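I opened this notebook to keep track of what I looked up, one stop at a time.

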Amino acid sequence: MMLGDVLQEFVERCNANPRLTAMNRDWTRDVAILATDTGEIFWIQSAEGQLSAGAGAKSGADLEIRADGDVLAAIFSGQMAPTEPYNQGDLLVHGSQDDLLRLDVITLMIWGE
Amino acid sequence: MAQRALTKVLPLRTAVSTSAGLASAAVNFLATVDVAMYVGGRSAWLAILVAGALIVLTASNFSELNGLFPSAAAIRVWTRRGLNDRLSLAASLVYATTVVFVIAADAFVLAHVFQAAIPAVPGILWVVVILGVTALFNLRGVRVAGLVQDTNAFVLLGTLSVISIMVIANGPAMPVASLFHLGPRWIQGVALGVFIFVGFEWVSPLAEEFQDARAIPRGMYMALGLIAMAFGLFALAVADVFPNPTSLASSLVPQLVVGQRALGPWGFWWMAGVTLTTAMTTFNGGLVSASRFVYALARERSLPRSWARLNARLVPARALLGLTALALVLALMVYATKQYTLLIDAGAGVESLMYALTTILIIQLRRREPNRPRPYRAFGYPVLPVVVGLVFVGLATGALTTPTTPAGTPWALIFVLGLTAAATIYVMFGLPRKRRASKRPTRSLGKVDKSPKA
């Protein structure tokens, strides 16, 4: 599955989860996602509890995530916890640690138990 | 791929204040007294300055590693890339415990300050209350405002400099020769002087929040300069207030005595207040960073899964409570035995070994990943980092083998060896079993207790 499709599915799962919608109600953020090997750029936006995603660069972001495309796909499809490549140095983030923790929790709540 | 502009970034001021603030624990007052005792009094300022100069060279190593992998997981990532997963985990676990050492040592200082200020209430009661309140605030997701954290470091270092200058200016002139007298235990004095700067590098995990990659190196260097100046002056003031080095051993509140000498009761209470806010920021900063670190290790299945549990406010509650309990137990033990020097020696030893490790890491990573962008390169590579690494191995040996009891037993060495052995046994034998047991077809790395509140 292509990274863009993976992100779309991630967003749909998130929006379908009432706990996540409630949790993200006051979390308004723009996240830039950069695949370092292919040069592809995507974005995820969180506003009023709903997430949306798309391809291309948006001006200004609160959080920037960089990794190889397959690592990003693995994270956003639930095959890998973000912490694993992050603690390995394969996933680099630029932005607030609170926002990073929030993303980690989102993946945890979608695929966690 | 070019760096994109982010909407929110931290300023250089925060790099300076975070680095200075995390290094400036309340126990540094006692560490300064210890340095003065080792060097024989008046040349303590020089020992602190030499320790600071060596630390600057280590900061250069940290800066290269930081630029290479700017990550909140800092030491975990660097050691994993430069060495291997097992060594990285063992080193990270031992390193993270120094945070607990510093919290416990600060608790000891806080207890004695309050005991001196309000003798009717047992000092340890204040420690239990303040540590408990800090943990409770953290559990509720209430953070000490960045401005408070930012301001405290500058208030502490500024106050210390001004009050020390007042004492020095009003005291008798010191013979110049005594300011440069190097006694037989001067090197051990330098080794303990390292402790005063311990924690300056804990600004590294904030690397992701700065737009400019040079902010962390600049912030660390400026913070080190401020710390060296403030505590160097404090060492001179201490030598002025306690001309006989042997009398230093009986003072557990030197900052209050110096404050009183400079400004009378106002100085006493001002320094008591500064000690309180410093200890609180140490408790807060230490618990926040260490609990997040434990959370991250639990999420990658290196520690029990239950430690990755978050409460409704997205705080790693079990990790936070566990660390608070550990710090409290250690603080009570130190309070009962008065063996705070054990924590200072152990902290200085562990940190010195970590500083030596940064030399190995920059050499290894230049070999393994020569083409990875390095926005900052260590000074004088490879000669200077190697020399600094060897010096820090020597300083670690000096700090850890310093006798902490009249019987001459180096308890700091025994304590750190025990800790390292426990971490190594866990990584070699406990962890593989745990990882095998936790392998499941679907990922299951943590729990959220209940629906987070909006």
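Before my first stop, a definition: a helix here is a DSSP run of H or I with at least four residues, numbered from the N terminus. I also note that this is a predicted model.

**Entry 1: a serine in chain B**

I looked up B:Ser63 and found it in helix α3 of chain B. Is B:Ser63 buried or exposed? Its relative accessibility is 1%, and the cut-off for buried is under 20%, so B:Ser63 counts as buried. I then listed its contacts, skipping residues up to four places away in sequence: B:Ser63 touches B:Pro217, B:Met220, B:Tyr221 and B:Tyr376.

**Entry 2: a valine in α10**

Next came B:Val241, which sits in helix α10 of chain B, residues 215–241. With a relative accessible area of 12%, B:Val241 is buried. Which residues does B:Val241 contact once its neighbours within four places in sequence are left aside? I got B:Val167, B:Val257, B:Val258 and B:Arg261. For one of these, B:Val257, I also checked the spacing: B:Val241 and B:Val257 are 16 residues apart in sequence, and their C-alpha atoms are 7.9 Å apart in space.

**Entry 3: two helices crossing**

I moved on to helix α11 (residues 254–263) and helix α12 (residues 265–299), both of chain B. Their axes come within 6 Å and cross at roughly 145 degrees. The crossing of α11(B) and α12(B) is right-handed. On the α11(B) side, the contact is made by B:Gln255, B:Leu256, B:Gly259, B:Gln260 and B:Leu263. Their counterparts in α12(B) include B:Trp266, B:Phe268 and B:Met271. I sorted the residues of this contact between α11(B) and α12(B) by type and got seven nonpolar, five polar and no charged.

Helix α15 of chain B covers residues 383–400, which makes 18 residues. From first C-alpha to last, α15(B) reaches 26 Å, close to the 26 Å expected at 1.5 Å a residue. I listed its buried residues, among them B:Val388, B:Phe392, B:Leu395 and B:Leu400. What covers the buried residues of α15(B)? The cover includes α3, α9, α14 and α16 of chain B.

I also looked at B:Pro382, in the loop between α14 and α15 of chain B. The peptide bond from B:Tyr381 to B:Pro382 is cis, with omega near 0 degrees.

B:Arg301 lies in the loop between α12 and α13 of chain B, and B:Lys338 in the loop between α13 and α14 of chain B. B:Arg301 is partly exposed at 22% relative accessibility. B:Lys338 is partly exposed too, with a relative accessible area of 47%.

**Entry 4: the sheet in chain A**

Over to chain A, where five strands form an open sheet with mixed pairing, in the order β3-β2-β1-β4-β5. β3 (50–55) and β5 (92–95) of chain A stand at the edges with a single partner strand each, so one side of each has no neighbour in the sheet. The twist averages 15 degrees from one strand to the next. Helix α1 of chain A, residues 3–15, packs on the sheet and touches β1, β2 and β3 of chain A. The direction of α1(A) makes about 170 degrees with that of β3(A).

How do β2(A) and β3(A) run, and how many bridges join them? They are antiparallel, joined by six bridges, and A:Trp43 has A:Gly54 in β3(A) as its bridge partner. The two strands form a hairpin with two residues between them, and A:Glu48 in the turn has a positive phi of about 50 degrees.

**Entry 5: strand β4 of chain A**

I finished on β4(A), residues 63–67. It pairs with β1(A) in the parallel sense over five bridges, and with β5(A) in the antiparallel sense over four. On the β5(A) side, A:Glu64 is partnered with A:His94 and A:Leu63 with A:Gly95.

In a regular strand the side chains alternate between the two faces of the sheet. In β4(A), A:Leu63, A:Ile65 and A:Ala67 point one way, while A:Glu64 and A:Arg66 point the other way. Five of the five residues of β4(A) are buried.

Note on methods
Residues are numbered from 1 along each chain as its sequence is written. Chains are lettered from A and ligands numbered from 1 in the order in which they are written. This is a predicted model: local features need pLDDT of at least 70, side-chain atom pairs count only at pLDDT 80 or more; totals for chains, interfaces and linings use all residues. Side-chain values use heavy atoms; hydrogens and water are left out. Axes are lines fitted to C-alpha atoms, for helices over the stretch in contact, and angles run from 0 to 180 degrees between N-to-C directions. A crossing is left-handed if the near helix is turned anticlockwise from the far one by less than a right angle, and right-handed if clockwise. Contact means heavy atoms within 4.5 Å. Ala, Val, Leu, Ile, Met, Phe, Trp, Tyr, Cys and Pro count as nonpolar, Asp, Glu, Lys and Arg as charged, and the others, Gly among them, as polar. The expected span of a helix is 1.5 Å times one less than its number of residues. Buried means under 20% relative accessible area, exposed over 50%, partly exposed in between (1.4 Å probe, protein chains only). Two strands pair if DSSP finds at least two bridges between them.
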